[in-house]
Amino acid sequence: MTMEFRLLTGLEVLVDGQPVAAGFARQRAVLVALLVDLNRPVSIDELAKRVWGERLPRHPREALYGYVSRLRGVLAAAGDVAIGRQPSGYVVTADPMTVDLFRFEHAVALARGCDEADRGLDLFTAALDGWRGEPVAVVDTPWMCALRDRLRQLRRAAELDRHDLALRLGQHAALLPALAAQADRYPLDERAAGQLMLALYRSGRQAEALAHYRRVRLRLADELGADPGAALQRLQLRMLSAAPDIDTLEEAAPVSPRVLPRQLPAAPAAFVGRVRELAALGGMAGRPREPGSAAMVWVLSGGGGVGKTWLALWWAYGHLAEFPDGQLFVNLRGFDPAAECVAAEAALHGFLTALGLPPAAIPADPDARAALYRSLVADRRLLIVLDNARDTAQVTSLLPGGSSCTVLITSRHRLSALLATHGVRPLPLDVLAAPEAREILVRHLGAARIDADPDATQELLDHCAGLPLALGIVAGRAATRPGFPLAGFSAELRVPAERLDALDTGELPWNLRTVLSASYRVLDAQAAAAFRLLGLAPGPDIALTAAAALTGLARAAAQTALSGLEMASLVEQYRPGRYRMHDLTRLYATGLAHSHDTEPTRRDVLARLFGHYCHVASVAADMLSPDERHRRPPIPAPVGPTVTLPDVHAAFAWLDAERENLVATALYAVDHGRADVVIHLSPTLFRYLDHGSHYQDGLTLHTAACDATATHHIDHAHALCNRGFDLIRLGRPDEALSDLRHALEHSPADPLVEYAANTNLGFVHDNRGDHDTAFEHFTRALAASRLIDARSTHGIALNNLGECYRKLGHYDEAIDHLRRSIAIAEELHYWGLSGYAFNCLGDLYWAQGNHDEAHDSYTGALELAHVFRDRGLEAEILNKMAAAESDPHHGLERFRQALRIACEISFPLEQAHAYFGMARIHRALGDLATSQNHATQALSIYAVLKNHQTSTVEEFLRDLPATP
């Protein structure tokens with residue numbers, strides 16, 4: 001199925017051309033807010049601001065979760081469109097051409113870059129035909145209103161460009177009604193006035209054209225106190241003199257001929273992607289500007305090799321018609337690996353020469369030179385590209401006066417001072433998305449060669465990590481050896497320590513290590529040291545406090561160093577207080593650390609980071625489950641700046657943000673002789689990873705702990721129990737049984753091992769339908785819990801045994817155990833245990849036929865699961881509530897919700913329950929084919945799990961009537 005989104009007609013979602021409902025206004029607003037940043041994550045806070053503005057609901061995150069969940073159901077009809085969740089927020093992934101806004105911008109860009117007027121006119125017309133009514137007419141938040149205004153401006157600019165082309169092609173008579181309406185609607189728009197004047201003049205209506213000029217001049221004087229601009233005045237003068245060549249809106253040549261500089265380097269031959277950035281730049285030279293406003297200036301910033309210059313040139317060549325007075329270009333060599341920076345005075349000398357001044361007429365005084373430059377370009381429509389700028393001081397005197405020019409500045413530095421003092425517009429560039437990166441290889445090497453070895457292609461893409469320079473180097477090397485398999489090139493990049501050497505062409509501008517060194521060598525000593533040490537940190541990113549602990553700096557000093565690195569585009573602050581490096585930049589930093597910093601220094605640096613993570617993780621774990629301190633090692637001493645966790649939500653937030661780093665740190669520490677780190681983190685993070693349903697991370701962490709504790713019997717037994725639990729959740733019961741039995745062998749006298757191993761063994765046998773054996777293990781676990789000085793453990797054991805009593809039909813014993821478990825949970829305020837106990841109590845009520853009580857228990861359990869973000873429990877309860885639904889369609893929706901969650905967290909047992917539940921409903925509804933498909937899915941999972949439901953599903957399929 002093909003899905004299409006129309007933002008320019010309000011908001012429409014179509015599947016195979018047919019509209020589908022996208023929900024109420026706020027839900028539709030969520031979709032708009034994500035589609036505008038298609039294929040790029042939008043943070044939760046930003047999404048809430050876009051959807052509600054300042055009037056946030058009480059629980060915006062929960063509301064967004066609900067909207068996104070329902071939107072996923074809407075988008076499920078198309079397999080190539082999805083809403084994903086990333087650490088940085090939600091993201092809609094789809095082909096940009098499925099969204100009419102991006103189709104419009106693409107068509108307009110093609111039209112503006114087209115050399116054939118007829119073809120350009122057709123492209124403009126086709127693009128504008130997609131507009132009907134108000135764009136994104138959903139809600140009226142400040143962000144949505146600003147978006148609507150921006151879209152109207154895009155449309156307006158395209159209409160003006162289309163009218164220019166139509167006039168150039170002699171269509172003035174047909175255009176007159178539209179131009180008259182346009183002039184009435186925008187009475188102060190001089191470009192619109194000029195178009196109407198030209199059409200009237202060329203239709204033999206000179207007097208009306210001049211009368212319209214007088215009306216515009218009087219209105220400008222009355223409302224703004226200004227005269228018409230030079231272009232409109234010249235058009236009027238040419239009409240007064242009945243100039244025979246008035247056939248376009250281009251300015252007449254001045255009395256003394258001007259030199260038209262054409263200094264742009266050659267256009268990029270194989271430009272790919274950057275749809276969002278090109279859309280942001282748009283047709284900015286054609287936008288109306290207020291009198292007295294400054295020139296339009298953009299700063300394109302990003303790390304070395306990210307493609308800033310190529311983007312600037314690609315946009316420039318697509319908009320040459322907007323700059324009839326020419327283009328100026330200078331490479332300021334701010335980060336050149338082989339040459340010194342170009343001084344501003346030298347750049348000005350080159351510009352003045354290009355504008356036609358003889359060298360003798362150029363002042364020697366820098367201020368006088370800059371003033372002359374500003375005078376010469378004040379009323380010209382020039383494009384000025386200041387490439388590879390080092391800092392604000394280098395470009396300030398190169399900025400033109402007035403508002404007629406457009407300036408593109410590219411720099412690895414963000415030029416924050418320029419943004420603050422001159423109001424320029426920032427456009428930071430990130431690496432390319434995966435489809436765009438792949439397209440670079442296709443453009444250079446051809447689709448056949450790429451498709452012939454998909455594994456090698458993917459490896460090349462992974463190693464280049466979306467960096468255009470790296471992709472260009474790899475593609476260039478492969479293109480010179482057309483008979484060489486791509487696997488050979490991917491093998492050269494496989495070893496991290498050798499990857500930068502493989503990305504070296506032998507020429508300085510095309511050597512990635514040299515490109516990065518040009519950014520590094522301009523750092524001050526503190527920022528340079530921080531950069532090197534950050535390369536050593538395991539994990540995908542780092543928080544400010546962790547960076548301070550790593551570098552040994554105070555928080556403020558670490559902030560200063562990171563800000564310097566961010567300004568130089570060597571790190572990215574992609575979320576407030578969190579920083580990350582590009583993979584290849586990290587390799588360069590790591591290499592510097594090994595060549596500049598001694599081994600003891602590196603060891604001490606990592607010890608500080610390990611200590612910081614272990615301390616804060618322990619504090620957070622104590623906040624999440626204070627009654628399970630007996631299962632964790634003591635809290636170690638703090639290292640680095642204090643991390644304040646005021647409540648359980650802050651503890652969850654810190655652990656969520658650092659989860660990948662904590663797992664990566666544990667693995668790195670084991671490999672570098674610090675087994676104590678993983679031995680500490682494995683039990684510390686167990687309950688958090690369980691509640692968060694991060695079973696695969698748990699398996700990775702606890703496996704590392706098992707390997708590190710092979711000679712430590714107690715620690716090894718605990719690690720085996722923890723790993724066994726995750727193996728059960730991930731649907732690998734046989735491996736779990738082996739771990740749990742070995743745990744009992746390693747430490748048979750330890751009550752905590754006895755409790756944990758028997759509890760998990762009970763789960764395995766219970767899932768297989770062997771409730772008698774499960775009962776034996778749960779009974780042993782309960783006995784062991786009495787020997788542990790922790791009421792919470794006893795409460796969990798009571799809950800598990802009570803659930804087993806229910807399955808064995810002993811309802812009185814079941815309710816006794818469950819109520820005792822709930823009493824302990826309420827006594828300790830242990831709401832996680834309450835969620836599980838209420839879930840089991842609901843099962844008991846349902847088995848007894850007390851369906852209302854069952855529903856109330858399930859509802860309470862679901863609320864607790866949601867509050868404490870226990871997604872595994874949430875999936876389990878949704879499946880049970882779905883099975884209890886009297887309305888089959890409501891039941892199907894709950895089963896689908898459960899299945900989505902279970903798939904996201906890799907929980908196969910609940911996946912199977914959801915599939916089988918949907919199979920039963922579809923059979924009742926008469927949809928036998930769908931019923932058979934779902935039941936087959938359930939059977940395949942149950943069989944792998946050796947679950948007792950296997951035979952039930954087999955019987956279901958045998959009894960299912962044959963599909964017609």
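A residue counts as buried under 20% relative accessible area, as exposed over 50%, and as partly exposed in between. Keep that scale in mind for the cysteines below. The model is predicted. This briefing covers its nonpolar cores, its cysteines and its cavities.

**Nonpolar cores**

- The largest nonpolar core holds 194 residues.
- Within this core, F531 and I542 touch the most other members.
- Helix α28, which spans residues 599–624, gives the most to this core. Its share is ten residues.
- Another core lies apart from the largest one. This other core has 80 residues, including L31, V99, L154 and A199.

**The contacts of I542**

- Which residues does I542 touch, leaving out those up to four places away in sequence? They are L534, A537, A547, L550, G577, R578, Y579, L609, Y613 and N661.
- I542 also belongs to the lining of the second largest cavity. Three of its contacts, L534, A537 and Y579, are lining residues there as well.

**Cysteines**

- A disulfide is a covalent bond between the sulfur atoms of two cysteines.
- How many disulfides does the structure hold? The count is zero.
- C840 is in no disulfide. The nearest cysteine sulfur belongs to C804 and is 11 Å away. A disulfide needs two cysteine sulfur atoms within 2.5 Å.
- Is C840 buried or exposed? C840 counts as buried, because its relative accessibility is 8% and the cut-off is under 20%.
- C341 has a relative accessible area of 31%. That value lies between 20% and 50%, so C341 is partly exposed.

**The largest cavity**

- Rolling a probe the size of a water molecule over the atoms shows where empty space is left.
- A search of the whole structure finds five cavities of 30 Å³ or more.
- The largest cavity holds about 90 Å³ of space.
- Its lining is made of 13 residues. Nearest the centre of this cavity lie I728, G731, P733, N767 and L945.
- The lining of the largest cavity divides into seven nonpolar, three polar and three charged residues.

**The second largest cavity**

- The second largest cavity has a volume of about 80 Å³.
- Among the residues that line it are P538, G539, P540, D541, V571, R580, M581 and R586.
- What kinds of residue make up this lining? Eight are nonpolar, one is polar and three are charged.

Notes:
Residues are numbered from 1 along each chain as its sequence is written. This is a predicted model: local features need pLDDT of at least 70, side-chain atom pairs count only at pLDDT 80 or more; totals for chains, interfaces and linings use all residues. Side-chain values use heavy atoms; hydrogens and water are left out. A nonpolar core is a set of buried Ala, Val, Leu, Ile, Met, Phe, Trp, Tyr and Cys residues joined through side-chain atoms within 4.5 Å. Buried means under 20% relative accessible area, exposed over 50%, partly exposed in between (1.4 Å probe, protein chains only). Helices (H or I, at least four residues) and strands (E, at least two) are DSSP runs, numbered from the N terminus. Contact means heavy atoms within 4.5 Å. On a 1 Å grid over the protein atoms alone, a cavity is a set of points where a 1.4 Å probe fits but cannot get out, and a pocket is an open set with protein on both sides within 12 Å along at least five of seven lines; lining residues have an atom within 4 Å of a point. Grid points are joined across faces, edges and corners, and a volume is the space filled by probe spheres set on the points. Ala, Val, Leu, Ile, Met, Phe, Trp, Tyr, Cys and Pro count as nonpolar, Asp, Glu, Lys and Arg as charged, and the others, Gly among them, as polar.
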